[in-house]
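This briefing covers selected helix contacts, strand pairings and backbone details. Please read it alongside the sequence and the coordinates.

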Amino acid sequence: MEIQWSLVLFTTLAGAGAWLYFAFCLAALKGYVKNERTRLVACAATLVLLIAGSIISATHLSHPDRIMAVLGHPTMGIFTEALFVGLTSVAVVVYFLAARRKASEGAQKTLLVVGAALAVLLAVMLGYSYMMPARPTWDTPLLPLAYLLTTSSGGAAAYLAIAAAGKEEGEALKLGSVLLVASGALVAVSALAYGAFSGSLSGDLALFWAATLLCGAVAPAALGYAAKGKPSQALVFGAAAFVFALVGCTAFRCMLWIVGTAVRNYFGVII
Amino acid sequence: MPFMTRNAIVVDLDRCIGCFSCEVACKQENNIALGEYWNKVVIEGPFGTFPDIEQYWLPTMCQQCENAFCVNVCPTGASYRDPETNIVLVDKEKCIGCKYCMMACPYGVRGWNYEEKVVEKCTLCRQRTSIGEQPVCVAGCPGEARFYGDLDDPASAPARALAAADPASIHQLPDKGNRPATQYILSEKIATWRSGD
């Protein structure tokens, strides 16, 4: 199939946004977030990534004017993706308002746990929609797993950069560095596992694999490790890792479209 | 929920002469643009080494799957199963052009209307069958190789064609859990079926 750029960018940005919020929730639950600015920027950046991704996804529709019909026909796919984008966004806004209004610690923690869970579910659903028997290389749980985990480095990198920009110190930055290193490993493992299943490790996809592994896994992990040693440079390392992670994630998704051939394509229509 | 009818097409490839009449008639009847298809004849072969070679023609179209993935994934209900005829159809007024159904179809037999920017497919000539006529590909087949009707009605033309055929000669396209209703008859004496799994 042809690379569907709208969907590549949607799943990349929305996935990164989901993981950003997950990382923030983790830090907030552990009590590492000390500055209001970090909370504001993390919540705002999550919403920007989710909304920007959603708007981009709509550009692949030929009749977006009819999109409201989706509400009347709930199915796996666009409906569930939109549902989880909406629920996660609401969770972010509700948590932010609760924190601003000094809600009880228990309430805030509950909202953080709910938000983190919704964020992970959203990142899963972004890939689950593509599991279909008609495309054997997509019809594996490794696909949503790879969709889920290949955006983790982008989210961790964004969290690290935002925490550094918010003048957080100590454990908040350390958590970002550790998450970035760990997510680099998760990107590599999940991408390679899917590559082994789909048989795409060999052949003419070397450029995509190089971009996926070097930009999506190695570079973020290395920058995360560097940030652990030099917290004063965490903003630069985090921002650079975010760019690398998005490039790697995009490359991996492009590859998924290239290998996603149907059982038969009798009419020869290129989707 | 049990279906009242199972309308589909049976193609007797032993009788198909590869004239492409069904493809042409379909385009003419349904006003299909150049380069677009609702029904396309695919040449399978030649296989083997001369002089032991074989080839057959495979007319492809919507297989009227009993578990239609296209219907299952359509986010707006534009792809739907007609409750009266049990035929899988597309309501173009509801199509948002996401092409999810095209991705979900195992056979790539859904067309894209470049002018209207919506998905289209074989309707089994609903405009004809609703008034008791045959789909135009069936009516126009010079070899009388195509049969349309309710597969569950033993008196229907496709049911009779299947009943008369050697069970070993009855084939379907690969079934990925979608259970295609369309069936093909191809005897070993003509060619080996190569369009399955």
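**Helix 6 and helix 7 of chain A**

In chain A, helix 6 crosses helix 7 with left-handed geometry. The model is a predicted one. The points below start with this helix pair and go on to a second pair in chain A, an aromatic pair, and the strands of chain B.

- Helix 6 (residues 152-165) of chain A and helix 7 (residues 171-198) of chain A have axes 8 Å apart and pack at an angle of about 165°. The two helices are therefore roughly antiparallel, since angles over 145 degrees are classed that way.
- On the helix 6 side of chain A, the contact includes Ser152(A), Ala156(A), Tyr159(A), Leu160(A) and Ala163(A). Residues that they meet in helix 7 of chain A include Leu173(A), Gly176(A), Leu180(A), Ser183(A) and Val187(A).
- The residues of this contact between helix 6 and helix 7 of chain A comprise 13 nonpolar, five polar and no charged.
- Lys167(A) sits in the loop between helix 6 and helix 7 of chain A. Phi of Lys167(A) is positive, near 65°, although the residue is not glycine. Most residues other than glycine have a negative phi.

**Helix 5 and helix 9 of chain A**

- Helix 5 (residues 142-149) of chain A packs with helix 9 (residues 234-259) of chain A at an angle of about 160°, and their axes are 11 Å apart. That angle makes helix 5 and helix 9 of chain A roughly antiparallel.
- The crossing of helix 5 and helix 9 of chain A is left-handed.
- Leu143(A), Ala146(A) and Tyr147(A) of helix 5 meet Phe252(A), Arg253(A), Leu256(A) and Trp257(A) of helix 9 in chain A. By class, the residues of this contact are six nonpolar, no polar and one charged.

**Aromatic pairs**

- Over all chains, the whole structure holds 12 aromatic pairs. One of them is formed by Trp19(A) and Phe22(A), which is edge-to-face, with 5.1 Å centre to centre and 80° between the planes.
- Trp19(A) and Phe22(A) are about one helical turn apart, because they are three residues apart in helix 1 (residues 5-29) of chain A.

**Hairpin of strand 2 and strand 3 in chain B**

- Strand 2 (residues 39-49) of chain B runs antiparallel to strand 3 (residues 52-61) of chain B, and nine bridges join them. The hairpin between strand 2 and strand 3 of chain B passes through two residues.
- Thr49(B) has Asp52(B) in strand 3 of chain B as its bridge partner.
- The peptide bond between Phe50(B) and Pro51(B) is cis, with omega about 5°. Pro51(B) lies in the loop between strand 2 and strand 3 of chain B.
- Another cis peptide bond runs from Gly45(B) to Pro46(B), with omega near 0°. Pro46(B) is located in strand 2 of chain B. Most peptide bonds are trans.

**Four-stranded sheet in chain B**

- An open sheet of four strands in chain B has the order 8-1-10-9 and mixed pairing. Its edge strands are strand 8 (146-150) and strand 9 (170-171) of chain B, each of which pairs on one side only.
- Strand 9 of chain B pairs with strand 10 (residues 183-185) of chain B over two bridges, in the antiparallel sense. Ile170(B) has Ile185(B) in strand 10 of chain B as its bridge partner.
- Helix 6 (residues 157-164) of chain B packs on this sheet and touches strand 1 (7-12), strand 8, strand 9 and strand 10 of chain B. The direction of helix 6 of chain B makes about 115° with that of strand 8 of chain B.

How values were computed: Residues are numbered from 1 along each chain as its sequence is written. Chains are lettered from A and ligands numbered from 1 in the order in which they are written. This is a predicted model: local features need pLDDT of at least 70, side-chain atom pairs count only at pLDDT 80 or more; totals for chains, interfaces and linings use all residues. Side-chain values use heavy atoms; hydrogens and water are left out. Axes are lines fitted to C-alpha atoms, for helices over the stretch in contact, and angles run from 0 to 180 degrees between N-to-C directions. Angles under 35 degrees count as roughly parallel, over 145 as roughly antiparallel, 65 to 115 as roughly perpendicular and the rest as oblique. A crossing is left-handed if the near helix is turned anticlockwise from the far one by less than a right angle, and right-handed if clockwise. Contact means heavy atoms within 4.5 Å. Ala, Val, Leu, Ile, Met, Phe, Trp, Tyr, Cys and Pro count as nonpolar, Asp, Glu, Lys and Arg as charged, and the others, Gly among them, as polar. Two strands pair if DSSP finds at least two bridges between them. Rings of Phe, Tyr and Trp (its six-membered ring) pair if their centres lie within 6.5 Å; planes under 30 degrees apart count as stacked, over 60 as edge-to-face and the rest as tilted.
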